[in-house]
Amino acid sequence: MSDNTNKSYVLKPGTLLDIQNLSMRFGGLTAVNNLSFDIKENEIFGLIGPNGAGKTTVFNCITQFYKDKDGIIIFNNKKNEIINLNDIHVEKIIKEGLVRTFQNVELIKDLSVIDNLLIGAHTLFKSDFIGHIFRSKRASEEETFYKAKALEILKFMKIDYLKDQYVAGQPYGILKKIGIARTLMSNPKLIILDEPAAGLNETETTELSKLMIQIKENYKCSILLVEHDMGFVMGVCDRICAINFGKFLALGTPDYIKRHPDVQEAYLGRDDE
Amino acid sequence: MSVFLQLLFRSLETGSVFALASLGIVLIYRTSKTTNFAQGSIGTLNAFVAATLLMKWGWSIWAVVPAAMVTAIITGFIIDTVFIRPANKVGNIGKQIITLGLIIVIIGIIPWLFGVEPIPLPQFIPYSPTTTITILGATIGYNSFFTIGMSLLLMGAVFLFIQFTDWGLAIRVTASNEITSRLMGVPTKSVTMISWATAATFGTLAAIIVAPQTQVDINMMGSIQVSAFFACVLGGFQTFYGPVIGAYIIAFSSNMAAYYLPPTWSVWSTVIVYVLILVFLFFKPVGIIGKKLVRKV
Amino acid sequence: MKKVLSYFNKITIYIKDSFRRMVSAVKTDAMYRRFVYLFVGLNVILLLSELDIMNYSTVSLYAYIIIFTIVALGLNILLGFSGLMSLGTAGFVGFGAYGVVYFETLGFPYEISSLITIVIATFIGLAVGLFSLKVEGVYLAISTLAVGEIFSQIFKRVTWFTNAYGGVHYKYPTLLGFIELDRNMTYIFLSFVMVVMMVVMYHLTKSKTGRALLAMSRSNSSAQAMGVSISKYRLFSFVVAILYATIGGILYASFYRYVQPLDWNLMLTLLILAMVVVGGMKSIFGTFLGVFIIYGIPKLYLEDLFSSVSGVAYLFSGILIIVVVMFYPYGMIHVTHDIKKLYNKYKIHKQNKLKAGDGDE
């Protein structure tokens, strides 16, 4: 990894994220095995695979929650620099324009909805704690500015009526929405969603599909998602990558993936059974 | 050599006291999920029972100790049923505050029941030329042998109980996951009750062993309780035997430091041991025996 | 000369601007009004004692409450917001008290000796914070207990710093070198500092910093994904907690003018912890209420009531703590909420009764 630090990287025009030969081992278990795929700008990309295929591991590798992995993850960041994400600390990833949600939401229950969104803008605030202590002009102006922005996003997601309510006690569908709204606060170029439709009912899932496309159009960003709900994935994604046991199976349009024999065998089950 | 042997026995004796106290702390920590700050106070309370029975009622030491054990068991039961179990929804820190409240209650009860004066408590086998043995030039009282042996026997019995009986299995599974155990039909209520009773008896025994060195008074267990906590972090909270090992290490090293360091340093022996523990924890944050648990995201 | 004047102008404009914003804030934000009420209320006690309506010693008692409110506020930031536990608080309070006395005996004025003490405390806070990056949970709590114990050993043994068991004597502070405070003025000074520390906490916690602390304590990984630096904010919260404790200690020495080594033990630490939990985590006024319940009620009422039998006052304050924690696990500050609810219920009940009465006619 260290020999990569000072290298300059290239990306094909129109590509946002390029994962090359990613491998991740936990002791004897190879969770991700020599995986490569790329995500284009302004696209919704699905990562699918049966349980234990290593999807979340891939997410944790991209967002640098796991160290000691092989391969490189090239990203075109906010300043249009081509960088290797492996050189970035997990806490700095969001600054590069890459933000994620979690399977189990991980919001702050004892804060209001709007304050939860403001955490998403943490890295955008310029004031420091001295400014906060004295509530300096800049600090209060920033606070007002990002509150307005948060409200705008909540309106866009049609949950602005909840802005001052606590997150605790909100239904699961709303929590998922707040999680997605929070990612939008950081002006991301790529949003990574870990099972956004899990636990949602059918109406909520349909609503979510529409929302995904709206986010892509309005915020001009790409979305990478892991999902079990095949209908949802096939309906919303531009391209899909299928993996099994951490290994690459196929990559292409939803139709291509649906018809791919390896995918059918691994994921959807064999026809003749 | 004789000095070393003398120190060794003294360390084993204080180590046993620390070990009894820390085993109680870890038992309660694992089954009731709280740091029991009242461990020392519970011991003190029942040591007062023993001392009062002995000094004012004239019982023999061999009768008052079992009597104090019985009151200790009752204390443990009462604390668990009245204070700890109803506070299930309170949260860990809240429970710690309840144990603090218990300390204050006990501080309030003791002068009310036993008077404000400290009460002396003799050794099991009083120290005299006829009750000592000389090994390699070191003079060691029978009482030391007795207390060390009794502590080790008791702790050994508890380990065997935890490892090989059904109730021990219940304690172990409750310690590893209370909610699942309850769902699986483990009588977790009885388990916590046994833990509190055991911890209370151990605390009491620790107090009775130390009492002859000073007297039975309200503050007698303060420093022992603190050492017991350090024994727990040094040995790790994840096993029941870790803290016991930690306790003997702490007792041994502070006795050695106090004796072998030059006088200007030896007054700092406890501080030196504390600093060493902190340094150790910095490099091994979960104690001698313990694995770091990783949370999945 | 012109440059100096223009700077001067800028500063006056800035001060005027800040003042204007402060005044408008007091008008619009109910919290600031409450801070003002609290300040006034605490000083009314002083007035009452001067008029002999209240005991002379009551002021001392409230001074104690003020001092330990500051200390508990710091612990509340650490525990309530950052979710980190410290059992070394008493040691840090003691350090503040001894520190200010020691540096003043070296010839520094009050402000400078306080400042030196605070700077040293900051470094201790950084050290503890660095330690906390490696050690978690109960291990961290007991490690801070070890730090507290090391302090208490130092207080007992380092004669040049603490005069060992003899303790050190001090005087009421002299501000800016010429404003000599007496007992009453020191009390006013104490209450002023407390309100300032409350405002600081209010500002800090209702900002990006406070949200980051909460994010960190509720979910480490989620906070990291949002760009919250765990190490930075852990260090920050320990430093803040220790600074609050140290400032409490400095004020303790300033008001009581005598510091002795046996006060700074685990018991005091636990009582401060109880103040936070009983009052209400994350709540500024709850902390004040907590200190009042843990320290004020026993001293003001219980000890008089049960002075005939020794120890019974303790018994009751212990039971008080246990009962409050059992029935208000989220803190006594929520009692206002419950009272409001009860009142509303009563009002609805009354209205229903009236309506029923109307029906009869």
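**Close-up views of a predicted model**

**View 1. Salt bridge between Glu43(A) and Arg239(A).** Glu43(A) and Arg239(A) form a salt bridge in which the closest N and O atoms are 3.0 Å apart; a salt bridge here is a side-chain nitrogen of Lys or Arg within 4 Å of a carboxyl oxygen of Asp or Glu. Because Glu43(A) lies in the loop between strand E2 (29–40) and strand E3 (44–48) of chain A and Arg239(A) in strand E9 (residues 239–244) of chain A, the pair ties together parts that are 196 residues apart in sequence. Helices (H or I, at least four residues) and strands (E, at least two) are DSSP runs, numbered from the N terminus. Glu43(A) is buried at a relative accessible area of 5%, and Arg239(A) is buried at 13%. Buried means under 20% relative accessible area, exposed over 50%, and partly exposed in between (1.4 Å probe, protein chains only). Asp38(A), Glu43(A) and Arg239(A) are linked in a network of salt bridges. Over all chains, a search of the whole structure finds 16 salt bridges.

The model is predicted: local features need pLDDT of at least 70, side-chain atom pairs count only at pLDDT 80 or more, and totals for chains, interfaces and linings use all residues. Residues are numbered from 1 along each chain as its sequence is written, chains are lettered from A and ligands numbered from 1 in the order in which they are written, and side-chain values use heavy atoms, with hydrogens and water left out.

**View 2. Salt bridge between Lys282(C) and Asp110(A).** The closest N and O atoms of this salt bridge are 3.1 Å apart. Lys282(C) lies in the loop between helix H12 (266–279) and helix H13 (284–305) of chain C, and Asp110(A) in the loop between strand E6 (98–100) and H2 of chain A, so the pair joins two chains. Lys282(C) is partly exposed at 27%, as is Asp110(A) at 23%.

**View 3. Salt bridge between Arg211(C) and Glu143(A).** Here the closest N and O atoms are 2.9 Å apart. The pair crosses between chains, from helix H9 of chain C, which holds Arg211(C), to helix H4 of chain A, which holds Glu143(A). Both residues are buried.

**View 4. Helix H4 (residues 137–156) of chain A.** At 1.5 Å a residue, the 20 residues of H4(A) should span 28 Å, and the end C-alpha atoms are 29 Å apart, which agrees; the expected span is 1.5 Å times one less than the number of residues. The buried residues of H4(A) include Ala139(A), Glu142(A), Glu143(A), Tyr146(A) and Lys149(A). Just after H4(A), Lys158(A) takes a positive phi of about 60 degrees.

**View 5. Helix H12 of chain C.** The 14 residues of H12(C) should span 20 Å at 1.5 Å a residue, and the end C-alpha atoms are 20 Å apart, which agrees. H12(C) is mostly covered, with 12 of its 14 residues buried, including Leu266(C), Leu268(C), Ile272(C) and Met275(C).
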